[in-house]
Amino acid sequence: MPDIRVEPVDALHPGLERLREAAVQEGFRFLERLAEEWASGANRFGADGEALRGAFRAGRLTGVCGLNRDPYLAGRERVGRLRHLYVLPGERRRGTAGLLVRDLLADARAHFDVVRLRTATPDAAAFYAALGFTPVAEPAATHRLVL
């Protein structure tokens with residue numbers, strides 16, 4: 001997508017507030033958790049292999065996604081967790097989410113052997129399956145991708 005640019009962001013980016021408000025209107029609270037964890041220092045995506053990326057179109061933040069070490073598998077350093085993927089409703093179906101995930105996964109290969117995630121919607125499950133993630137029946141994950 002030539003009109004979409006992916007680059008590192010932090011949870012203080014001014015455009016993130018618009019994404020957070022839109023997510024809350026849809027009933028998703030995970031971007032609120034992202035902001036809270038950033039403010040408290042609990043998660044700043046600062047460990048090796050971790051990243052928070054934003055998608056920009058025409059200079060405007062339209063989506064966000066992060067990658068952490070999986071906090072649900074303590075001691076397993078080579079397992080990552082895809083987190084906080086969100087794209088503004090009016091920006092969906094333009095390839096933004098796939099671009100964000102593929103960008104993070106490209107870098108993840110140097111640090112992780114597996115990337116896990118949890119999703120609650122059938123549409124998101126289908127999206128991740130199309131990217132190669134397989135469903136799993138685990139308490140803290142619904143999908144995983146072996147890198």
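Predicted model: local features only at pLDDT ≥ 70, side-chain atom pairs only at ≥ 80, totals over all residues.
## A buried arginine and its partner

Arg116 is buried, its relative accessible area being 6%, which places this residue under the 20% cut-off that the term requires.

The partner of Arg116 is Glu138, and the two form a salt bridge in which the closest N and O atoms are 2.2 Å apart. Because Glu138 belongs to strand β6 (residues 134–138) while Arg116 belongs to strand β5 (residues 114–117), the pair ties together parts that are 22 residues apart in sequence.

The structure holds 14 salt bridges.

## Pairs with two partly exposed residues

Among the salt bridges is one in which the side chains of Arg5 and Glu7 meet, with a distance of 2.7 Å from N to O. Arg5 counts as partly exposed at 40% relative accessibility, and Glu7 likewise counts as partly exposed, at 27% relative accessibility.

Another salt bridge links Arg69 with Glu77, and here the closest N and O atoms lie 2.9 Å apart. Arg69 has a relative accessible area of 28% and is therefore partly exposed, while Glu77, with a relative accessible area of 43%, is also partly exposed.

Terms used
Residues numbered from 1 in each chain as written. Heavy atoms only, no water. Salt bridge = Lys/Arg side-chain N within 4 Å of Asp/Glu carboxyl O. Buried < 20%, exposed > 50% of the residue type's maximum accessible area, 1.4 Å probe, protein only. Helix = DSSP H or I, 4+ residues; strand = E, 2+ residues; numbered from the N terminus.
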